[in-house]
Amino acid sequence: MKPAAFGYLTPRTREEAIEVLSRYAGDAKVLAGGQSLVPLLNFRLTSFRYLVDINRIPDLDYIRSEQGYLAIGALARHRSVEQSAEAARECPLLPEALQFVGHPVIRQRGTVCGSIAHADPSAELPALLTALGGSVVLEGSSGRRVADAEEYFLGYLMTAQQPDELLVEARFPKLPNGSGFAFEELARRHGDFAIVGVACAALPDGSVRLGVCGANSVPFRPLKAETAAAQGDLQEAGRLAAADSDPDSDLHATAEYRRAMVSKLVERAVRHALERKEGNARG
Ligand SMILES: Cc1cc2nc3c(=O)[nH]c(=O)nc-3n(C[C@H](O)[C@H](O)[C@H](O)COP(=O)(O)OP(=O)(O)OC[C@H]3O[C@@H](n4cnc5c(N)ncnc54)[C@H](O)[C@@H]3O)c2cc1C
């Protein structure tokens, strides 16, 4: 199938992009790597009067180490982040999670910020951003603002981003030295979207952070499970995370199965993260 006809706009600056997004607000859509948007257009599951291709805006392609967080610009591809020495050093859970995102050809083109803006509840990166308490930077006609992950993701493919806003940067908090981390996922085949996925960071202060995808309409942090995990009760952590989940049944799995998998994967991710943390401490 072919997409419905659309106008194709190629702004050269962020200001130009925001100007056209705001001029056609609601009827214009940002095109980044196209790995989610183009299939939706081709299947005619969505259509827009204008596509605003941001690929010609050079200052959006960066990976930067900032005070306390790793900044990923809107045009940084999955693959560059996966191979980035800075990401490996400052937030190694990010390259680890990226290995579960599609296949290398998809990661070559798809962007980290595109994955976040797309807000698929089964996607890995929104769960990771949520687990770490990260944020996104949005620029629109009324200025620039920073939104925490937990206020940004609103529902299935729905975010707090306004139609005239560009997601210019995702901020992943750095993992302090001595942290342990793990990303665990269940998918039918490697590279498929997760049935359920769990991001876990075990921090040097003894706290544990978790983010779950595939078990709710948004990625979420199971807070009671984090407390149980920090106390070393892994089974209870799994049970509490499953109790906090609210999955739907679909073609891939029943709600009951997803909930059972949340329990198992939380247990496994926490165990793996704590083992790595211990290994780091022994140095
Ligand atoms: C076969 C296949 C398997 C896949 N498997 C997985 C998987 O396992 N896990 C996973 O997470 N993803 C998976 N994906 C999706 C892939 O990761 C996409 O690259 C990603 O979801 C979107 O990034 P993109 O840059 O391609 O965005 P696009 O497709 O260009 O855009 C996606 C959406 O985000 C919006 N958007 C993008 N960038 C911005 C921005 N800077 N500001 C505002 N809005 C923006 C667009 O308007 C659009 O609504 C898969 C895709 C395919 C084709």
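In this predicted model, the C-alpha centres of domain 1 and domain 2 lie 18 Å apart. The domain assignment places domain 1 at residues 7-53, domain 2 at 59-173 and domain 3 at 180-282. Where domain 1 and domain 2 meet, 13 residues of domain 1 are in contact with 17 residues of domain 2. On the domain 1 side of this contact, helix α1 (residues 14-23) supplies the largest share, with 5 residues, and the residues of that side divide by class into 6 nonpolar, 6 polar and 1 charged.

The ligand belongs to this part of the picture as well: domain 1 and domain 2 both give residues to the shell around the ligand, so the ligand lies between them. Of the 27 residues around the ligand, those that come nearest are Gly33, Gln35, Gly110, Gly114 and Ala123. Two or more residues of the shell come from each of β2 (28-31), α2 (37-42), α7 (112-118) and β10 (166-173), and among these contributions that of α7 is the greatest, with 5 residues. By class, the shell consists of 14 nonpolar, 10 polar and 3 charged residues.

Strand β2, which gives residues to the ligand shell, is also part of an open sheet of 3 strands, ordered β1-β3-β2 and paired in the parallel sense. Its edges are formed by β1 (7-9) and β2, each of which pairs on one side only, while neighbouring strands of the sheet are turned against each other by 25° on average, with direction ignored. Between β1 and β3 (residues 50-53), the parallel pairing extends over 3 bridges, and glycine 7 has tyrosine 50 in β3 as its bridge partner.

In their contact, Lys224, Ala225, Ala228 and Ala229 of α10 meet Leu234, Glu236, Ala237, Leu240, Ala241 and Asp244 of α11. Sorted by class, the contact of α10 with α11 has 7 nonpolar and 3 charged residues, and no polar ones.

Methods: Residues are numbered from 1 along each chain as its sequence is written. This is a predicted model: local features need pLDDT of at least 70, side-chain atom pairs count only at pLDDT 80 or more; totals for chains, interfaces and linings use all residues. A residue is near a molecule or strand if its C-beta atom, placed from the backbone, lies within 6 Å of it. Helices (H or I, at least four residues) and strands (E, at least two) are DSSP runs, numbered from the N terminus. Ala, Val, Leu, Ile, Met, Phe, Trp, Tyr, Cys and Pro count as nonpolar, Asp, Glu, Lys and Arg as charged, and the others, Gly among them, as polar. Domain bounds come from an automatic or database domain assignment. Two residues are in contact if their C-beta atoms, placed from the backbone, lie within 7 Å. Two strands pair if DSSP finds at least two bridges between them. Axes are lines fitted to C-alpha atoms, for helices over the stretch in contact, and angles run from 0 to 180 degrees between N-to-C directions.
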